Amino acid sequence: MKIREVLDRKKPQRRTVPVLLEPDLAEQHARMLLNLRKAERAATRSNDRVVQDEPVSITEAIEALEIAVEDATVMFTVEAMPAQDWSDLVGAHEPTVEQKQDGWPYDAEGMGPPLLAASIVEIGGEPETVSEKEAAKIWNEWSDAERTNLFLAAVAVNREVRNVPFTKPASRRTENSEKS
């Protein structure tokens with residue numbers, strides 16, 4: 001393979017992060033799973049047909065709720081930046097003295113919105129450009145867990161090397177394990 005072909009074919013790393021737009025659905029799901037466990041225990045101890053059918057009803061409700069959760073989940077795709085852009089971004093957000101003492105290579109608070117703006121390339125499978133103002137709104141208004149998931153995915157595509165599991169030696173191992 002020639003270098004020109006490699007340069008033409010090489011794509012930046014990407015990661016996809018699910019974001020649940022209606023977090024109450026997750027809480028409802030957790031409650032319904034708990035109710036299902038209780039109903040299953042009650043059904044094993046009862047001869048009452050209504051009690052025995054309760055797990056089936058709850059399972060059907062859970063399946064409907066899982067569809068609602070799926071519909072309320074949007075996938076954000078982040079993409080690696082060119083190396084110099086990443087380096088410039090990190091350099092523009094030096095860690096504070098305290099952050100340096102804690103081992104941070106950058107100021108995550110300051111770097112968050114510009115990193116998200118530079119890295120988010122798709123929302124819901126559609127190409128999207130996020131402004132720094134929109135990224136700052138995500139950073140300031142979403143929960144720490146939600147923004148951290150996006151931030152860590154954006155850091156990961158810029159910092160991690162992904163191993164390729166489909167090399168010839170790995171494929172031989174997979175073929176051999178399937179034969180046994």
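Predicted model: local features only at pLDDT ≥ 70, side-chain atom pairs only at ≥ 80, totals over all residues.
Local features were taken at pLDDT of at least 70 and side-chain atom pairs at pLDDT 80 or more, while totals for chains, interfaces and linings use all residues. Residues are numbered from 1 along each chain as its sequence is written, and side-chain values use heavy atoms, with hydrogens and water left out.

Start with the inside. A nonpolar core here is a set of buried Ala, Val, Leu, Ile, Met, Phe, Trp, Tyr and Cys residues joined through side-chain atoms within 4.5 Å, with buried meaning under 20% relative accessible area (1.4 Å probe, protein chains only). The largest such core counts 27 residues, and Trp86, Tyr106, Met111, Leu115, Leu116, Ile120 and Phe151 have the most contacts inside it. Two or more residues each come from β1 (14-20), β2 (73-79), α4 (83-91), α6 (108-119), α7 (132-141) and α8 (144-159); these are DSSP runs numbered from the N terminus, helices being H or I of at least four residues and strands E of at least two. The top contributor is α8, with six residues. As for Met111, leaving aside residues up to four places away in sequence, it touches Trp86, Leu89, Val90, His93, Tyr106 and Phe151 (contact means heavy atoms within 4.5 Å). A separate core has eight residues, including Leu36, Ile58, Ile62 and Ala72.

Now the strands, which pair if DSSP finds at least two bridges between them. β2 and β3 (residues 120-123) run antiparallel, joined by three bridges, and Phe76 sits opposite Ile123 of β3. Two bridges link β3 to β4 (residues 126-127), again antiparallel, with Glu126 in β4 as the bridge partner of Ile123. The β3-β4 hairpin has two residues between its strands, and Gly124 adopts a positive phi near 65 degrees there.

Notes
Buried < 20%, exposed > 50% of the residue type's maximum accessible area, 1.4 Å probe, protein only.
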